[in-house]
Amino acid sequence: MPNQIHIKNARLHNLKNVTLSIPKNKLVVLTGLSGSGKSTLAFDILNKEGQRQYMESLGLVSYGVSKPPVDAISGLSPSISVDQHLTNHSPRSTVGTATEVYTYLRLLYARLGHRPCPACGSDVPTVFDASSADWDNGLSMDEDAAGPDETFPCPHCGAAIAEIDMAFFSFNKPAGACPTCTGLGVMLQPNLGRLIDEEKSVAAGAVIAWDDFYIKHNTSVLQAAGKHYGFTFDPNLPVKGLGAAQRDLLLYGAASPQFGRHFPNVAPPETVSRGRFEGIATNLLRRYAERADDAAYRARLEEFLVTQTCPDCHGTRLRPESRAVTIDGQNIVDVSRLPLAGLAGWLDELTAILSDDEMLIAGPILEDLAERTNRLVEVGVGYLTLERSSPTLSAGEAQRLRLAALLGSGLTGVLYVLDEPTIGLHQRDTHRLIGVLRRLRDLDNTVLVVEHDLEMMRAADWLIDIGPGGGKHGGQIVATGTPADVAGLPGSVTGDFLAGRAGVPLPDRRHALNGKAIVIRGARQHNLRDLTVRLPLGMLVAITGVSGSGKSSLVLDILDRAARRRFYGAGDEPGAHDAIEGWEHIDKVITIDQSHIGRIPRSNAATYSDAFTPIRKAFAATPEAQQRGMTARHFSFNVPGGRCERCQGAGTLAVKMQLLPDVEVRCPACRGRRFTRETLAVRYRGHDIAQVLDLTVEEALELFRDVPAAAARLQVMVDVGLGYLQLGQPATTLSGGEAQRVKLAKELGRRSGGRTLYLLDEPTTGLHPADTARLLDVLQRLVDAGNSVIVLEHNLDVVKTADWVVDLGPEGGVDGGKLIAEGPPEQIAESAGSHTGTYLKQML
């Protein structure tokens with residue numbers, strides 16, 4: 001039928017000959033238990049096939065995208081996907097640059113900015129000629145409209161003043177970037193506490209990385225340097241007792257400005273033997289800069305580095321001249337620090353105070369700025385600021401920024417495929433996001449959403465439930481129809497939750513207060529308002545509140561960083577606060593966030609969780625392996641021995657496509673199986689090692705029941721809701737929620753003596769309500785064993801089962817950062833002014 005997308009016999013991954021019709025121009029929600037096959041159907045079949053068919057219709061070859069295993073797909077539109085994978089890791093990218101709001105703001109400041117004359121200090125407005133064609137109604141985007149030598153006379157004293165253009169306000173261009181940090185706002189500095197032991201002398205091993213050879217060699221160079229400059233370098237003196245010149249020589253080297261200030265008229269030694277010592281810190285920074293393309297090497301060096309705010313621009317990224325330009329008394333940094341909702345208000349105020357001539361120039365810019373800003377507020381990110389760095393955004397925030405851009409495109413006849421857009425969104429804001437998706441639908445688009453949120457399911461025009469379980473137990477259509485239709489089907493787990501026949505149960509008892517707590521005093525990071533918060537220990541504590549209320553600032557920026565500094569000597573500066581009390585009650589802190597667990601495809605759930613090591617040992621213990629003289633090493637795809645050397649155990653080869661991205665093709669030697677024929681000849685209970693990597697965690701658990709070390713680790717992965725995951729699935733393809741649960745499984749697989757504090761960032765991301773109940777059981781087991789668990793969470797199923805709740809708000813951004821309520825969930829439900837309490841009251 002013309003108004004439907006029809007799929008016949010889809011059988012990719014765990015899909016079992018799925019035949020399905022999806023109505024077009026509707027809001028369609030695809031749901032089901034974790035691992036049931038939702039993402040396979042939505043992204044690997046509908047999205048990729050939509051893109052492939054569109055490319056082929058243009059006569060373009062879509063390299064690397066083959067037709068999925070399906071008999072037929074008809075009625076597809078060109079597709080656009082918005083998934084959870086963060087693609088922008090550049091520290092130079094911000095919310096402002098990614099959304100182009102900052103681009104228009106730079107244009108506004110270049111057109112209307114006022115600045116002080118460098119000679120007389122008087123206010124100088126931008127000179128413009130409204131009748132000039134060059135102004136292009138204010139919307140000309142020429143970054144370098146003003147030449148570097150173009151000037152005009154100050155109207156007050158006649159001094160020459162340089163013209164300004166958009167580049168003058170860009171931290172990614174030399175014209176605007178702070179010269180000290182090159183526009184990054186931060187600088188990497190050596191963590192001296194990790195490099196040297198101040199109590200020891202150089203001869204006694206003060207420099208932690210030097211062995212006896214380097215101590216002897218470098219001591220002679222340091223003494224030669226002392227002789228060159230006319231002082232004595234005593235290698236037997238503790239570092240803390242060295243003079244300023246000797247200390248700067250040791251840390252920064254003879255050619256550094258830090259050391260050079262002591263002897264401004266003496267040239268550095270020409271050779272190492274004569275005393276040209278490089279300096280410990282200088283050497284570290286040089287090696288870090290030289291290995292920009294080696295992520296693993298840099299990660300090792302980062303343990304000895306600390307990120308500090310630039311001392312010259314104080315984190316603003318811009319040079320002083322750029323920061324001196326104002327509109328209505330605000331410079332571009334002040335405006336970039338407003339939350340987007342506040343920026344919308346500032347733009348409205350500006351319209352009222354500008355003159356008619358200024359509005360002739362600013363009108364089109366302000367109109368475009370207001371439209372873009374309001375779209376961002378609409379999708380639920382009004383609390384974000386323009387200066388927020390893109391790599392620090394959560395998957396949900398990045399997805400909603402992209403959604404705002406799609407909303408502004410005005411495209412029609414498109415298939416939009418979205419992956420859990422409600423991630424990280426408080427229930428209060430979900431209805432606004434639903435409104436945005438309906439607007440996309442009303443432009444005659446089909447909006448397909450993979451989602452577990454019950455409110456989103458109820459708002460759908462059409463609901464598709466895939467299951468009945470995950471992994472090999474999924475891949476079938478359980479129910480399709482309106483939300484009311486699905487809720488009426490007793491065989492559907494989703495229907496049971498929609499109808500209220502099932503739910504996440506409340507705990508039989510809540511853990512009682514034991515008098516022990518972590519107390520954070522005077523928390524002032526970002527929007528926190530000098531908070532003092534008590535976090536009871538020996539409990540499951542939920543930190544909640546609307547998006548942008550300060551939860552991450554409190555737990556991840558302050559508590560986590562302070563804990564890593566205290567327990568592990570980490571260098572990152574904790575967020576602004578006065579003190580943290582109660583450390584004596586815990587032995588260690590484990591933070592489990594949603595960052596990816598591997599940057600290379602070789603890493604997978606089995607290797608990261610340590611389940612693969614006992615599996616390899618089990619293969620090495622078989623009679624066939626022992627007969628061939630094989631060890632556990634032969635069953636690893638990461639080291640030579642038993643792996644295929646053509647692809648070095650990857651199973652694929654990268655083919656260079658010149659101007660196009662590289663294409664991965666199956667290795668012709670091992671045919672994608674990673675290992676040599678000899679290795680694959682060894683079997684454990686009828687399976688070779690390549691077949692084991694193709695098993696799901698649940699299937700592997702059955703196979704290795706008799707291998708305690710493997711079974712224990714695999715069982716924990718099943719407990720946290722990862723039973724559907726393939727053992728060999730590359731870590732780079734895991735969602736943020738899956739990566740977090742793999743980390744959680746790894747930590748749970750270790751023996752804990754209690755007294756451990758676990759910090760978790762939205763652990764229910766990507767989980768169906770039925771899976772959430774299983775994860776909560778795991779967290780309660782941790783608390784029962786004498787540990788403490790603090791979760792940052794919007795999911796009210798988690799909040800209602802917590803022992804203690806801390807609710808921040810009342811709003812996001814500058815209107816947040818206050819403690820609204822704290823106590824058991826029942827107490828929060830009765831708290832006036834708590835958005836969380838309003839929804840909790842309906843649930844309890």
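I began at Glu378, which is partly exposed at 27% relative accessible area. I am working from a predicted model. Glu378 meets Arg439 in a salt bridge, 2.2 Å from N to O. The two sit in helix α13 (residues 356–378) and helix α15 (residues 427–442), so the pair ties together parts 61 residues apart in sequence. I checked Arg439 too: partly exposed, at 39%.

I then searched the whole structure and got 37 salt bridges. I looked up Arg388 and Glu397, whose closest N and O atoms are 3.5 Å apart. Arg388 is partly exposed at 28%, while Glu397 is buried at 9%.

Next I took the salt bridge of Asp719 with Arg781, at 3.4 Å. It links distant parts of the chain, 62 residues apart: Asp719 is in helix α26 (residues 708–719) and Arg781 in helix α28 (residues 769–784). Asp719 counts as buried at 17%; Arg781 is partly exposed at 47%. I also noted a network in which shared partners join Arg428, Asp429, Arg432 and Glu811.

How many disulfides are there? I counted zero. The sulfur of Cys117 has its closest cysteine sulfur in Cys154, 3.7 Å away, which is too far for a bond; the cut-off is 2.5 Å. Cys310 is in no disulfide either, with the sulfur of Cys313 nearest at 3.7 Å. I found Cys117 buried at 3% and Cys310 buried at 1%.

Last, I looked at the surface. Tyr54, Met55, Leu58 and Leu60 form a nonpolar patch there, with about 360 Å² of accessible area together. Tyr54 belongs to helix α1 (residues 38–57) and is partly exposed at 41%.

Definitions and conventions. Residues numbered from 1 in each chain as written. Predicted model: local features only at pLDDT ≥ 70, side-chain atom pairs only at ≥ 80, totals over all residues. Heavy atoms only, no water. Patch = residues over 30% accessible without salt bridge, like charges linked within 9 Å, V, L, I, M, F, W, Y side chains within 5 Å. Areas by Shrake-Rupley, 256 points an atom, 1.4 Å probe, with all protein chains shown as cover. Salt bridge = Lys/Arg side-chain N within 4 Å of Asp/Glu carboxyl O. Helix = DSSP H or I, 4+ residues; strand = E, 2+ residues; numbered from the N terminus. Buried < 20%, exposed > 50% of the residue type's maximum accessible area, 1.4 Å probe, protein only.
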